[in-house]
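This report describes selected features of a two-chain model. The sequence and structure are shown first, and the description follows.

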Amino acid sequence: MKRWLKLAAGAAALTLATAGCAGSSGTDTAASSSGAPAQLSGDVTVWLMTGSAPATLTDALNKEFEAAHPGVKVKYEIQQWDGIQQKLTTALASGAPPDVIEIGNTQTAAFASNDGVLTDLTADKDSFNGAQWLKGLADSGTYEGKIYGVPFYAANREVIYRKDMFEQAGITKTPTSNDEWVDAIGKLKTKFGSDPDFQALYMPGQNWYALLSFIWDNGGDIAQPDGKNFKATLDSAGAKAGLDFYKKLVDTSGTKAPKDADEAKPQQATVYGAGKVAMMIGLPWEVATAAKTDPSLTAKTGAFAIPSKTAGQSAPVFLGGSNLAIPANSKNVAAAKEYIKLLSSPKYQSQLAAAGVVPGTSTDLTGLDKDPMGSVMAKASTNGKAVPASPKWGDVESGQNPVKDMLTAYLTGKKTLDQATADANAALNKLIGG
Amino acid sequence: MTATANVTMPAGATPPASPRDTRAKKRRRGRFGDRVLPYLLLLPALAAILVLLAWPLVQVLAISFRKLDIGQLVSGKTVWIGFDNYANTLSDPEFWTITVRTLVFTASIVAATILGGLLLAVLMRHLDPVVRIIVQVTLVLAWATPVIATTTVFQWIFDQQYGILNKTLDRLGFHSFIGFSWFSSGPSTLSVIGLLIVWQAVPFVTFSLYAGLIGVPREQYEAAGIDGAGPWQTFRAVTWPAIRPITTMVTFLSVLWDFNAFAQIWAIREGGPDGGSTTLAVVLYLKGIAGNHFGAAGAIATLMLIVLALITGRYIQLLTRTREGDLA
C-alpha cells in the first residue's frame, strides 16, 4: 500500500511540474517578418464573420489574391458570432492559428493588450490605405500607440421610421433636434394613440448603444483614459443628462418594450414588423428582418440620424464593426499582410459600401449613398465613436453590463438618477478600472 | 459419515476452511501472480480516474496559482503569482455576499426538492395503478425536457407583459399583477429560478425514493396497522427507516447539482438584475469564460470545491467509514 501511495504522490508532483509548461511551444515564430518578400508560398487561412462581406466580394477577392500569388492557397472560412471570443482564444493559443482574423471592434483591445497575441501592424499602416481609415474603428484597433487591428467595416444606429405614419400625423420633416423628436412622438400619439398596441417609439430598457449616443451628445462619456487604465465617468453631468433623456423618450413614447431587456429580446425588428411601431433605433438591415413579416414595410420605411440636443446636428453614434488582425502565432504573416492589403484596397472597400456597411479603409461612400437608409448611416458615421479601448472591455460586454443594469434600475424607478449612476460607475470601475 | 456433517450452519457464517496443506501449496506456487493480479485488474480503473478526475483537478489547482489571461495562454508563458488569485477573491466583499446567497439558495431548493419528492413518492404508493402510471409518465416527461427548453417556457410563463401567470392572476382578481415584473429583484428572480430547478429535480428524487419505498415489505405496514399506529407513526417507524439511506444519498446528490447550477440561472437573467441572482457558478463563468481570467477562475473553482467538501463532509465521512448499504 505504501509503495502505491509514494507512486501516486510522485505522479501528482510530476503533473504539477508539467502543468506549468503547457503549451510553451511556438512563441516567437512571427516576430521576424520585414519587407514584402518577392515570392509568397504556403496556405493563408482567413476567418471572416458571417454576414461581414458578401460572397461575391470574397470570391472575387480570393480569386484575385491567388492569381497574384500563384504559390499561395487561400483557405477561407466563415465563422459565427456566437461564442467567437472563446473560439478565437482557443485558436490563438494553438500552434497553428488562422492567418487573418476578423475581431469585433469592442473585443479588439482585449486581444491587442497582451504581448504576443496579435502581430504589430504599425509599420504597415500605409500599405493598408492608412490615410483613409475610419477614425472610430482605427482607435479600437490601436493599443498604446501601436496598431494591431486594421479597420474592416462599421455600422451605426439610426432612427428607422414609418414614412406613412409620419405623414398621417402631420409631421412634414424628420426631427433634427431632441425637442423636435419628442414633438414628433407627441403628434404620433395624438394621431394613433387610440390603438392600445401602438408605440410611437419602440424603446427597450437596455438599448445601451442608444444611450451612448445621448451621453456623448451631452458631452459625457462612459469612461476616460487614466494613464494606462480607464476610469468610469458614468456619474458625470453629461452621462446623467444622457440617461435622463433616455428616460424621457421611454416615458413620453409610452413604449411597451420590456425595461429589463435589450433590443434583441425580443428582436425589435420583429416587433416593428407587426406594424404598430412608428419608430425604432436600429441598424439599416433590421428593415429587411421586419419586411419578412410584412414586405410592404420596405417601401414605407425611412431613416433619419439620431437627433442631437443641438438643433440641426446629429448625435454622435456608437460605431459597431470589425477589425482585421493577424495572430502573432501565424505561420504566414507575409501572405496575411498581402491579403489584408488587397481587402483594404478601394476596389473591395467600395464593394463593402455597396453591400450596405461603412467601409473601414476608404472614405468613398458612394456605394452607400444609393440606398436612403445607408446614406443616413454613412453621414452619421463620420461622427462615430467607439467604446473605451480597454483590454478589459470584454468583461463588460460578455458579462454583466453595468450600463444595462443602470438603465433598468433608473427606468423602473428602483434607483434615483444619482444612485443608479453612482452604482454603475463603481461597478464599471471594478471591471475596467485599475 | 460423521455427525458434524449434518450440523446446520447459521446463515452467513463462513464455510469450513479447506484442508490446510493444499492451500499452502497453492499459495507458494502462485504467490507472485496472486499478489499482482488484483492490482493489474485495478489498473484500468485507476488510470481512468487519474486521467479523467485527478489530472483536471491538479490542473485547476495549478492554474489557480498562476496569472493566466489570454496573453499567457497564447504565448505559453507560465507566471506563478502564489496566492494572489485567492487573496483577490477572498478580499472582495461581494464574493462573500454571493457565497452566502449561493448557500441559502442551494439549501432552499434542496429542501424543497427532497420534501416534494418524498411527498410524491409516498403519494404514489397509495395511488391506484392507473393513476400512478399517469403520474409517473408526467414526471418522466418533466424530467426529460431539455433544461433550456424548460427555462424558456418558464420565462414565457413569468413574462411581464404577455406571461400567462400575470394574466391568470389578473383574471382571478389580483389586478395588481398586470405588468408585474417577477425579475425586478434578486430574491424574486432566484425564487423563480429555484422553482424551475425544483420542478426539474423532483422527478429523479421521487423515483429514487419510490424505489426505496416499494422495497418495504407489506407485512411491516400490516403489523404497524395491527399495533394501532396512525399514518404519521407508520411513516416514522416503518417508512422512514427504510428510505433513510436513499434519502441521504439523493440529498447529497441534490446538493452537488444545485450548488453548481448554472444553465438556468444564466438563461433567465444572466445573474441579474444588477447582479442580484448571481451565484458562485455564475461568478466562475464571468471570470473564466467571459473575462478570460483563467487563473482567477481556477481559484474560485477551488474555493467552490472546498465549500462543497465542507457541506458534504459528513456524508463523505459516512461513505468512507461504513459498509455499503449502511448509510444512515
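## Strand 6 of chain A and its partners

How many bridges join strand 6 of chain A to strand 13 of chain A, and in which sense do these strands run? In this predicted model, two bridges join strand 6 to strand 13 (residues 358-359) of chain A, and the two strands run antiparallel. Within strand 13 of chain A, Val358(A) is the bridge partner of Ala154(A).

Strand 6 of chain A also pairs with strand 12 (residues 317-325) of chain A, again in the antiparallel sense, over six bridges. Here Tyr153(A) has Ser322(A) of strand 12 as its bridge partner. Strand 6 (residues 150-156) of chain A has seven of its seven residues buried, and it is therefore largely enclosed by the rest of the structure.

## A three-stranded sheet in chain A

An open sheet in chain A consists of three strands in the order 10-7-11, with antiparallel pairing. Strand 10 (279-282) and strand 11 (301-304) of chain A lie at the edges; each has a single partner strand, so one side of each lacks a neighbour in the sheet. From one strand to the next, the twist averages 30 degrees.

Strand 7 (residues 158-162) of chain A is joined to strand 10 of chain A by four bridges, and these strands run antiparallel. In this pairing, Glu158(A) stands opposite Gly282(A) of strand 10 of chain A.

## Helix 18 of chain A

Helix 18 (residues 402-411) of chain A is largely enclosed by the rest of the structure, because 10 of its 10 residues are buried. Among them are the nonpolar residues Val403(A), Met406(A) and Leu407(A), as well as the charged residues Lys404(A) and Asp405(A).

The cover over the buried residues of helix 18 of chain A includes helix 8 (208-217), helix 9 (237-253) and helix 19 (417-432) of chain A. Helix 18 of chain A is followed by Gly413(A), which has a positive phi, near 80 degrees.

## Chain B and a helix pair within it

The secondary structure of chain B comprises 15 helices and zero strands. Of its 328 residues, 28% count as buried. Among contacts in chain B with a separation of 6 or more, 69% are accounted for by residues 24 or more positions apart.

Within chain B, the axes of helix 9 (residues 186-214) and helix 11 (residues 231-259) come within 9 Å and cross at roughly 150 degrees. Angles over 145 degrees count as roughly antiparallel, and helix 9 and helix 11 of chain B are therefore roughly antiparallel to each other. Their crossing is right-handed. Helix 9 of chain B contributes residues including Ile197(B), Ala201(B), Val205(B) and Gly212(B) to the contact, while those from helix 11 of chain B include Thr239(B), Ile243(B), Val250(B) and Asp258(B). By class, the residues of this contact divide into nine nonpolar, five polar and one charged.

## The interface between the chains

Contact between the chains involves 28 residues of chain B and 33 residues of chain A. On the side of chain B that touches chain A, helix 2 (31-64), helix 3 (70-75) and helix 13 (280-290) of chain B each supply at least two residues. Helix 3 of chain B gives the most to this side, with five residues. The side of chain B that touches chain A has 11 nonpolar, 14 polar and three charged residues.

Conventions:
Residues are numbered from 1 along each chain as its sequence is written. Chains are lettered from A and ligands numbered from 1 in the order in which they are written. This is a predicted model: local features need pLDDT of at least 70, side-chain atom pairs count only at pLDDT 80 or more; totals for chains, interfaces and linings use all residues. Axes are lines fitted to C-alpha atoms, for helices over the stretch in contact, and angles run from 0 to 180 degrees between N-to-C directions. Angles under 35 degrees count as roughly parallel, over 145 as roughly antiparallel, 65 to 115 as roughly perpendicular and the rest as oblique. A crossing is left-handed if the near helix is turned anticlockwise from the far one by less than a right angle, and right-handed if clockwise. Two residues are in contact if their C-beta atoms, placed from the backbone, lie within 7 Å. Two strands pair if DSSP finds at least two bridges between them. A residue is buried if 20 or more other C-beta atoms lie within 10 Å of its own, exposed if 12 or fewer, and partly exposed in between; C-beta atoms are placed from the backbone.
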